Amino acid sequence: MKHPIYLLLFLCFHSTVFSQTTLEYNLKIGDVFTVEQKAHQSIIQEIDGASHEITNDLSGILEFLVVKENENSYEIAFTFKDLNLLMKSSIQGEIMNVQAKDVTKGDMQSEIFNSLLDTPVQLILSKTGDILEVTGGDSLVTKMTDASGIEDDFSKNMMKQGLKKEFGSEALSNSYKQLTYFYSDSLVNIGDSWKNEYNGKLSAKNTWTLNEISDNVLISGEADVIMSTDESGTKMNLNGTQSTQIIANPETGFIINMTVTGEAKGISTMSQLGVLEIPTTINSTITYTLITK
């Protein structure tokens, strides 16, 4: 009677082993992935019962071209194909409305945004999705600064420092880890969870869970986030949470759809208001959708 029990244990053990899988990117040279990004962000500041809301609506088209495969990573040319930004204030009305493709000669913002289109930067992407290195971002910032038309060196350098926080190599690496970095470096079963983290203006400690593997890979994520910025005389220090839902292609590992929702609360300060601390809440929703041709 012992043999059937041993056989049953053997079969159960092996069925568990074989249900494990490796989640990673499996890309080929020449692969092109075109992604539509949409983001809505609401920033609410309150002072003595009065509130001020700023909304940012961003949309863009991002292209990822695989140019080389290494042992544990890929070299990818990353290009902005389109970028649009609408910023509104409940007090000031429309603050910015720029469509990068619809360039208006003589309009500084329009010229700057247009200059970043179709200028690739190079990413080193690990097979788990970590962006190991970005090159070309700082050259992109220089191109954007030159497109502004500003001639005096002091003003150009001030602008360059501001743009570098958004489009420099380090900033781009931190920003787009949200889109790529969600795979485990170990074998996983359905229902397993794993952790990773990334830093930048938005720092996140993520816990990912593999929910399903069928025609697609379904992964969910929960994160504790810290938002820390210091720009144009305004500082923000916020803490919150972020939830992510991912549908990915099981063959390539690349996303088909990703939705990220988050809320963070804390304080902001403005140089013109001295030491006044302003309670601040930021709510955001970002979607990434693979465009199939």
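**Aromatic pairing, helix packing and selected residues**

Y25 is buried, and F182 is likewise buried, in the predicted model described here. A search of the whole structure finds 12 aromatic pairs. In the pair formed by Y25 and F182, the ring centres lie 6.4 Å apart and the ring planes stand at 55°, so the pair is classed as tilted. Y25 belongs to the loop between α1 (2-19) and β1 (32-47), whereas F182 belongs to the loop between α5 (169-180) and β7 (193-198), so the pair ties together parts that are 157 residues apart in sequence. Both residues are also members of one aromatic cluster, which consists of Y25, F33, F64, F78, F80, F167, Y176, F182, Y183, W208 and F254.

Two helix-helix contacts were examined. Helix α2, spanning residues 108-115, packs on helix α3, spanning residues 137-147, at an angle of about 150°, and the axes of the two helices are 8 Å apart. Because angles over 145 degrees are counted as roughly antiparallel, α2 is described as roughly antiparallel to α3. The crossing in which α2 passes α3 is right-handed. On the α2 side the contact involves E111, I112 and S115, which meet L140, K143, M144 and A147 of α3. By class, the residues of this contact between α2 and α3 divide into 4 nonpolar, 1 polar and 2 charged.

For the second contact, the axes of helix α4 (residues 153-167) and of α5 come within 5 Å and cross at roughly 30°. Since angles under 35 degrees are counted as roughly parallel, α4 is described as roughly parallel to α5. The residues that meet are K164, K165, E166 and F167 from α4 and S169, A171 and L172 from α5. The contact of α4 with α5 comprises 3 nonpolar, 1 polar and 3 charged residues. F167, which takes part in this contact, is also listed in the aromatic cluster.

Backbone torsions were considered next. Most residues other than glycine have a negative phi. Against this background, D48 has a phi near 50°, a positive value in a residue other than glycine. D48 lies in the loop between β1 and β2 (50-69), and its relative accessible area of 83% places D48 among exposed residues. A positive phi, near 60°, is likewise found for D118, again a residue other than glycine, and D118 is located in the loop between α2 and β5 (121-126).

Two strand residues complete the description. N84 lies in strand β3, which covers residues 73-89. With a relative accessible area of 17%, N84 is buried, the cut-off for this class being under 20%. When neighbours within four places in sequence are left aside, N84 is in contact with D57, L58, S59, V98, Q99 and A100.

P279, by contrast, is found in strand β12, formed by residues 278-291, and its relative accessibility of 44% means that P279 counts as partly exposed. Once neighbours within four places in sequence are excluded, the contacts of P279 are with I44, Q45, E46 and G266. P279 and T55 are separated by 224 residues in sequence, and the distance between them in space, from C-alpha to C-alpha, is 17 Å.

How values were computed:
Residues numbered from 1 in each chain as written. Predicted model: local features only at pLDDT ≥ 70, side-chain atom pairs only at ≥ 80, totals over all residues. Heavy atoms only, no water. Axes fitted to C-alpha atoms, helices over the stretch in contact; angles between N-to-C directions. Helix = DSSP H or I, 4+ residues; strand = E, 2+ residues; numbered from the N terminus. Parallel < 35°, antiparallel > 145°, perpendicular 65-115°, else oblique. Left-handed = near helix turned anticlockwise from the far one by under 90°. Contact = heavy atoms within 4.5 Å. Nonpolar A, V, L, I, M, F, W, Y, C, P; charged D, E, K, R; others polar. Phe/Tyr/Trp six-rings, centres within 6.5 Å; stacked < 30°, edge-to-face > 60°. Buried < 20%, exposed > 50% of the residue type's maximum accessible area, 1.4 Å probe, protein only.
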